[in-house]
Amino acid sequence: MNYRASLYELLGGDEGVRRLVDAFYPKVQKDPLIGPLFPENIDPVKEKQYMFLSQFFGGPSLFSDQHGHPMMRARHMPFPITHEKADAWLACMNEALIEVGVEDELRLFVIERLSGPAHHFVNTD
């Protein structure tokens, strides 16, 4: 793996992050644990996720430019998030990474990188 490149670049830049988000949300919507947390019209959520992940993975600061500081824990407080829901979210992301063809070493690194924030959003037992 090229450790000098950002995750954004390693995942294929704009197009790669967009493909990942497009593969991710159908999995989320079908998941019985976390699907109900999301609105029926998922498009605005997908766009925010695309902007956030682009920035989080070292690409352009799309989310901050449009919405200010991410403050992701605060933004997720209205939703009851358990460790099981965080794990379900990560499992959906793992499946999406596999679907878009991310090699195992990079996929595992991305999941590890997302695991901390996912569990940081936990706000209920």
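1. R107 is buried, with a relative accessible area of 12%; buried means under 20% relative accessible area, exposed means over 50%, and partly exposed lies in between, for a 1.4 Å probe and protein chains only. The side chain of R107 meets that of D104 in a salt bridge, at 3.2 Å from N to O. A salt bridge here is a side-chain nitrogen of Lys or Arg within 4 Å of a carboxyl oxygen of Asp or Glu. R107 and D104 are three residues apart in helix α7 (residues 104–120), so about one helical turn separates them.

2. Some notes on the source of these values. This is a predicted model, in which local features need pLDDT of at least 70 and side-chain atom pairs count only at pLDDT 80 or more, while totals for chains, interfaces and linings use all residues. Residues are numbered from 1 along each chain as its sequence is written, and side-chain values use heavy atoms, with hydrogens and water left out.

3. The secondary structure comes to seven helices and zero strands. Helices (H or I, at least four residues) and strands (E, at least two) are DSSP runs, numbered from the N terminus. Along the sequence the pattern reads α-α-α-α-α-α-α. The protein has 125 residues, of which 40% count as buried. Contact means heavy atoms within 4.5 Å. Among contacts with a separation of 6 or more, 67% are between residues 24 or more positions apart.

4. How are two packed helices described? By the angle between their axes and the distance between the axes. Axes are lines fitted to C-alpha atoms, for helices over the stretch in contact, and angles run from 0 to 180 degrees between N-to-C directions. Angles under 35 degrees count as roughly parallel, over 145 as roughly antiparallel, 65 to 115 as roughly perpendicular, and the rest as oblique.

5. The axes of α6 and α7 come within 10 Å and cross at roughly 155 degrees. The two helices are therefore roughly antiparallel to each other. On the α6 side, the contact is made by H83, A86, D87, W89, L90, M93, N94, L97 and I98. On the α7 side, the residues are R107, V110, I111, L114, S115, A118 and H119. α6 passes α7 in a right-handed crossing; a crossing is right-handed if the near helix is turned clockwise from the far one by less than a right angle, and left-handed if anticlockwise.

6. α6 also packs against α2, at an angle of about 135 degrees and with the axes 8 Å apart. That angle makes α2 oblique to α6. This crossing is right-handed. From α2, the contact uses L20, A23, F24, K27 and V28. From α6, it uses W89, C92, M93, E95, A96, L97 and E99.

7. A23 lies in helix α2 and, at 5% relative accessibility, counts as buried. Leaving out residues up to four places away in sequence, A23 touches A96, E99 and V100. The C-alpha atoms of A23 and V100 are separated by 7.2 Å, although the two residues are 77 residues apart along the chain. K27 is buried too, with a relative accessible area of 17%. K27 forms a salt bridge with E99, the closest N and O atoms being 2.4 Å apart. This pair links distant parts of the chain, K27 in helix α2 and E99 in helix α6 (residues 83–99), 72 residues apart.

8. How many salt bridges does the structure hold? There are five. One of them joins E47 and R18, with the closest N and O atoms 2.7 Å apart. E47 is in helix α3 and R18 in helix α2 (residues 13–30), 29 residues apart, and the pair links distant parts of the chain. E47 counts as partly exposed, at 34% relative accessibility. R18 is partly exposed, at 31%.

9. Helix α3 (residues 43–56) has 14 residues and reaches 20 Å from its first C-alpha to its last. That is close to the 20 Å expected at 1.5 Å a residue, where the expected span is 1.5 Å times one less than the number of residues. Its buried residues are Q49, Y50, M51, F52, L53, S54 and F56.

10. Just after α3, G58 takes a positive phi of about 100 degrees. G58 is touched by S6, which also touches F57, not counting residues up to four places away in sequence. S6 lies in the segment before α1 (7–10). At 19% relative accessibility, S6 counts as buried.
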